[in-house]
Amino acid sequence: MLVCKSNAHRSELPFCDASFHRTAFDRADSRARAFSRAAARRAHHDVIELAAHPLAGYIVGGRALDDNNAKPRPEPTMPTLYPLRFEPLLRRYLWGGRRLESRLGKTLPPGDDYAESWEVVDHGDDQSVVRAGPLAGTTLHALVQEAGSALLGRHDPLPQFPLLFKFLDAHRNLSVQVHPNDQQAALQIPPDLGKTEAWVVLHAEPGSTIFAGLKRGFDRNALAREVDRGTTELCLHALQPRVGDCLFIPAGTVHALGAGLVVAEIQQASDTTFRIFDWNRVDADGRPRQLHLDQALDVINFEHGPVSLQQPVPTDRTCVERLVECDKFILDRWDFTRSEIVGSLAKTPPGIGGDDRCHLIAVLAGTLKIADDPLDAPLEAGETCLLPAACGEQSVQVTDQTVLLDIFLP
Ligand SMILES: [Zn+2]
């Protein structure tokens, strides 16, 4: 006999995993449903307890009942994890270009509007798929569900991989926009995560601009007035970034990437954007893209003010500096080109990982060879890899030109 202890469903159910989970989660959201299936399978649960949880809405715990009907279930058969490379998902938007190819070495089909390359994503139907090795063809979501502890280490279980990493080519300005925080995004239909993000500038045409935060003194009414007049830009704090600069954009911050920039972006795995102003553009069919001013005004943090560049903080490893540390992610840069270490550290670089968590590694320059990578070729600039927690500390080979981003959960 299985017993469901959720508040919504206090009843005894026949011994059948599939119908039990379907019944118990009919009214829950899809992330909670998927999460429960995976957690129950991993733990061989017979008792499922549900409780409110800030990430998924529900969390699963339990123990096996001593029941004559209970049959042992087979162990999950997920192969041992290794450094994972995924197929990038290309996104075409009207502001894109071809620099994902010319600057980052992506192979692009014909067309001049390639805007984003999603390198690591687990968000609904948008799924990174493993490219090589015994797990080739597996989605990131399946890994989170079925190999959660090996992938996520101390952060297991999670309902989805909580971060999304992408490269962007802003051939034209992106819309002026804002993203909700977790609490606000949870009220969306369907519910989403909030979106706190950070950018590292990889290429900047002379004079290209980032708009980040509101100038001081612009409150809700003042912003609404300028949007109405078509003079939104007057409200925006603007800066001209250089290659290597990093900006941190917490949820609730008005922002836009300007034309001429290529950036790496780490963000929460969310796709909820409220557009405030789209530079009076129309799409290929002559229609303006939808704006969401009221929703935007409701989620903007009017206290936040102008955003300035992040100041990198040294760490106890000479080649590593911390660009961002927040409650959603930590962003470190490994730089073997710095004059004080050039040559020496590249010959004996420190290992990556080994702290019981998953690391997202993106190569920005030079190359990186990770010991257990099943592909024989090193990662090149513009390539990304997910290092599962179970891989432990991996020795790496780098060159004097190598610059990496190392992203992980706090
Ligand atoms: Zn954004």
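How many of the residues of strand 9 (residues 163-170) are buried? I put this question to a predicted model.

**Entry 1: strand 9.** I found that eight of its eight residues are buried, and I recorded strand 9 as mostly covered. I then looked at the two faces of strand 9. Leu163, Phe165, Phe167 and Asp169 lie on one side, Leu164, Lys166, Leu168 and Ala170 lie on the other, and all are buried. I noted the general rule that side chains in a regular strand alternate between the two faces of the sheet.

**Entry 2: partners of strand 9.** I looked up which strands pair with strand 9. Strand 6 (residues 114-120) pairs with strand 9 in the antiparallel sense over four bridges. Here phenylalanine 165 of strand 9 stands opposite valine 120. Strand 16 (residues 261-268) also runs antiparallel to strand 9, and eight bridges join them. Leucine 168 has valine 263 of strand 16 as its bridge partner.

Entry 3: I traced an open, antiparallel sheet in the order 23-22-25. Strand 23 (379-380) and strand 25 (396-398) each have a single partner strand, so one side of each lacks a neighbour in the sheet. Strand 22 (residues 367-370) is joined to strand 25 by three bridges, and leucine 368 has valine 398 of strand 25 as its bridge partner.

Entry 4: Between strand 21 (residues 359-365) and strand 26 (residues 403-408), which run antiparallel, I recorded five bridges. Alanine 362 is opposite leucine 405 of strand 26.

Notes:
Residues numbered from 1 in each chain as written. Predicted model: local features only at pLDDT ≥ 70, side-chain atom pairs only at ≥ 80, totals over all residues. Pairing = 2+ DSSP bridges. Buried ≥ 20, exposed ≤ 12 C-beta atoms within 10 Å, placed from the backbone.
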